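The following note sets out numbered points for a colleague examining this model. Please read them beside the sequence and the coordinates.

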Amino acid sequence: ALSGQRGFLGCMRALKINGVFFNLEEKAKLTPGVKPGCQGHCSSYTMHCRNGGKCVEQYNGYSCDCSLSAYDGPFCTDDVGGYFEAGTLVRYDFLSDHGASLLGNPRGFSHFGNLGETNLTQEELIFSFSTYSAPSILVYISSRSQDYMAVVLRHNGSLQVRYSLGGLAEPYTIDIDHRNMANGQPHSVNITRNLREIQLQLDHYTMSTYTLPEASDTQFNLVKSIFLGKVFETGQIDPILIERYNSPGFVGCLSRVQLNNVAPLKAAIRSGMTAPVSIHGILVQSNCGASPLTIPPIPPANNLWQIDAGGAVFPFKDEKIGGDGVHHNFAVIGGIISLAILTVLCIMVFVIRHVFRHKGSYHTNEAKGAESANCADAAIIVNDPAFTETIDESKKEWFI
């Protein structure tokens, strides 16, 4: 605004001229009449970006970045899954120079290894599956050493988690025996490890906590690949795992598979994503029967960033945005319905009275005065003075 004139009144942010951003917030601190702290769309709508999606400011709105999520869609709520036939496998390889950057920080942890370090002391594995087939390997994470992690379905359909981090002669196993998971229903699994503590969340059941033995290492050394559905590894691998669970392979649906910030199944299905992923066999994209989550839109009257909301009236002081208008509409509609019902009842009462007004009675044409007359002929004479016919007393009737 020019000095001495009233200029722009409102909020201005993200000023960019010829590719150069201007720090308006610092200028606002030094300019009279201007206050810093202008918020963008993400300050109001960041909660709409679900499942680890990041809110990104746009010129006239916002978008959700789902690149670090196993989900897709405008709000990172669409399940990305695939149907595996017998023998199908998905392999995601970690590059040795960028392993840590690909894995990223697991959600809920504040620190992680340095760039180029592929040894994990904590990881989070999340996925969902549905199948009728058992036994099978669901997820297998290999390394360049003898360390590995596997989630398998045993012959009876129960779930088993196997950790081999070194220091133990046999892998540490967690058996979930309380139900058959190969029942065709979708099941979700969340496994989080921090050093020796393992937390396992299965479907809606209470989270269980397990602890690795003291002799076990706490580092997952030199993470190499993630296998889904089946294992085809040239390095050292547990022979029991191969003999019992690797053949014929997983048959069913896997979805929203994510290890820390890596989504191997999403990378395999989305052709536009460039990632070190390979597919063997037939993999068909499927949402595994999941219903998409819809985000209800914010009413324009409450949307301060909506361009079309210029004529919206916002409350001040003690006024509240409530349902008064809604209650008023309900009152008008209720009054109209009540009036219509009353009118119909009145019409029905009038019709009934009109139809049944003569029911139960009859009319006669008997002469008046018959009550005081001696006979019917006398009653006629009394009633009609013009009647001149005389009654002959001699005329009598005899009944024999």
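Two strands are treated as paired if DSSP finds at least two bridges between them. Helices (H or I, at least four residues) and strands (E, at least two) are DSSP runs, numbered from the N terminus.

1. Basis of the note. This is a predicted model, in which local features need pLDDT of at least 70, side-chain atom pairs count only at pLDDT 80 or more, and totals for chains, interfaces and linings use all residues. Residues are numbered from 1 along each chain as its sequence is written, and side-chain values use heavy atoms, with hydrogens and water left out.

2. Strand β18. In β18, Ser255 has Gly81 opposite it, and Ser128 also stands opposite Ser255. Strand β7 (residues 81–84) pairs with β18 in the antiparallel sense over four bridges. The pairing of β9 with β18 is likewise antiparallel, over six bridges. Seven of the eight residues of β18 (residues 252–259) are buried, so the strand is largely enclosed by the rest of the structure. Here buried means under 20% relative accessible area, exposed over 50%, and partly exposed in between (1.4 Å probe, protein chains only).

3. Salt bridges in total. How many salt bridges does a search of the whole structure find? The search returns eight, a salt bridge being a side-chain nitrogen of Lys or Arg within 4 Å of a carboxyl oxygen of Asp or Glu. Arg154, Asp175 and Asp177 are linked in a network of such bridges.

4. Arg193 and Glu123. These side chains form a salt bridge at 2.6 Å, N to O. Arg193 belongs to strand β14 (residues 187–194) and Glu123 to strand β9 (residues 122–131), so the pair ties together parts 70 residues apart in sequence. Are the two partners buried or exposed? Arg193 is buried, because its relative accessibility is 0%; Glu123 is also buried, with a relative accessible area of 1%.

5. Arg270 and Asp72. A salt bridge joins these side chains at 2.7 Å, N to O. The pair links distant parts of the chain, 198 residues apart: Arg270 lies in the loop between α5 (264–269) and β19 (277–280), and Asp72 in strand β5 (residues 71–72). Arg270 counts as partly exposed because its relative accessibility is 22%, and Asp72 counts as partly exposed at 23%.

6. Asp203 and Arg179. Their side chains meet in a salt bridge at 3.5 Å, N to O. Asp203 is in the loop between β15 (197–202) and β16 (208–211), while Arg179 is in the loop between β13 (172–176) and β14; the pair links distant parts of the chain, 24 residues apart. Asp203 counts as buried at 18% relative accessibility, whereas Arg179, at 23%, counts as partly exposed.

7. Annotated segment. An unreviewed UniProt entry places the feature "domain: EGF-like" at residues 39–77; UniProt positions are given in the numbering used here, feature names are shortened, and annotations may be inferred rather than shown by experiment. Over residues 39–77 the chain is 10% helix and 31% strand, with the end C-alpha atoms 25 Å apart.

8. Overall totals. The protein has seven helices and 20 strands. Of its 400 residues, 33% count as buried. Among contacts (heavy atoms within 4.5 Å) with a separation of 6 or more, 60% are between residues 24 or more positions apart. The protein exposes about 25500 Å², and carbon and sulfur atoms supply 56% of that area; accessible areas come from the Shrake-Rupley method with a 1.4 Å probe, and for residues only the protein chains shown count as cover.
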